[in-house]
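Reader: I'd like to go through this model and ask where each of its labels comes from. Could you show it to me?

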Amino acid sequence: MARIIGGIGITHSPAAIFAHDKGLGAKPEWAPFFQPLAQARAWLEAARPDLILCVYNDHLNHFFFDAYPSFAIGVADEFPLAPEAGAIPAFPPIPGDFALAARITEALVARDFDLTVCQELALDHGAAGPLRMLAEPWPAPVVPIFVNVLRAPVPRPGRLHALGQALAAAVAALPEDLRVVVVATGGLSHQLHGPRGGEINEAWDRDFLARLPGDGAALAALTTRDYVVRGGAEGAETVMWLAMRGALPDAVRPIVTGYLATGSTGLGLLVLEAV
């Protein structure tokens, strides 16, 4: 039986991606994020996943507001990178698994998550950046799961937690003996516009990282407004981490935690292992 063995929450801030690509991780000012990142990479390598489920949001590089789904899933054998004017360097398409993704989609629909099915899906830095920071080349095929966190109305936080629970059930229904890791990207606190532009709420970020392992249900009970007020308009991306937590059992072991407030974003990293 397939099983989810762990989850990773990681920011998809271009600042962190650029620092990774430029080899700045060894600099003291980047150490609070990149030292834990090295531990997360080692954990993922040792975990030997057969499949990675990646919960992310697109930044109008594939989807646009003329047709913007609440949830979508990539069902293909590979996913090209979306052009982003140099946001991430060019590298080969991300490998997928059409057959497994199709069966997971069927299982999600059976659990009342009717995702838009994309047999062609280009991934921007929201998915490709964190995956590249965690491992290159990728250790396993990826099933990307898109979430609308940009255009109102957006799914409420509790819906993301429920999506994770549905993913866990979908994976458990697969007959193959597969080791699965769920990666959720985005956040932490940041706002890119308005009077609060550039604001980072470090206290909220650290509270979220500390509470998610054992108090995910309570964080899922908050409203979207709560996340925006505490973490900024773009910081509402953090709700995607709830899908990762919902996909894991109640008992988890925090393996890696990292945080750095820099630029205009709180950079967060959390690795949880199923007990």
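**Labels and their cut-offs**

Author: Start with Leu 60, which counts as partly exposed because its relative accessibility is 31%; buried means under 20% relative accessible area, exposed over 50%, and partly exposed in between, with a 1.4 Å probe and protein chains only. Before going on: this is a predicted model, where local features need pLDDT of at least 70, side-chain atom pairs count only at pLDDT 80 or more, and totals for chains, interfaces and linings use all residues. Residues are numbered from 1 along each chain as its sequence is written, and side-chain values use heavy atoms, with hydrogens and water left out.

Reader: Where is Leu 60, and what is said about its phi?

Author: Leu 60 sits in the loop between strand 2 and strand 3. Helices (H or I, at least four residues) and strands (E, at least two) are DSSP runs, numbered from the N terminus. Phi of Leu 60 is near 65°, a positive value in a residue other than glycine. Most residues other than glycine have a negative phi, and most peptide bonds are trans. Phi of Arg 48 is positive too, near 50°.

Reader: Why does Arg 48 count as exposed, and why does Glu 234 count as buried?

Author: Arg 48 has 55% relative accessibility, so it counts as exposed. You'll find Arg 48 in the loop between helix 2 (31-47) and strand 2. Glu 234 has 18%, so it counts as buried. Glu 234 is in the loop between helix 7 and helix 8 (240-247). Leaving aside residues up to four places away in sequence, Glu 234 touches His 190, Gln 191, Leu 192 and His 193; contact means heavy atoms within 4.5 Å.

Reader: What makes helix 6 and helix 7 roughly antiparallel?

Author: The axes of helix 6 (residues 202-220) and helix 7 (residues 224-231) cross at roughly 170° and come within 13 Å. Axes are lines fitted to C-alpha atoms, for helices over the stretch in contact, and angles run from 0 to 180 degrees between N-to-C directions. Angles under 35 degrees count as roughly parallel, over 145 as roughly antiparallel, 65 to 115 as roughly perpendicular and the rest as oblique. Helix 6 and helix 7 are therefore roughly antiparallel.

Reader: And why is helix 5 called oblique to helix 6?

Author: Helix 5 (residues 157-172) packs against helix 6 at about 130°, with the axes 8 Å apart. That angle makes helix 5 oblique to helix 6. Pro 157, Gly 158 and His 161 of helix 5 meet Gly 216, Ala 217, Leu 219 and Ala 220 of helix 6.

Reader: How do you know that the protein chain is as compact as a globular protein of its length?

Author: The secondary structure of the protein chain comes to 8 helices and 10 strands. The chain's radius of gyration is 17 Å, close to the 19 Å that the globule rule gives for 275 residues, so the chain is as compact as a globular protein of that length. The radius is taken over C-alpha atoms, and the rule is 2.2 Å times the number of residues to the power 0.38. Buried residues make up 55% of the 275 residues.
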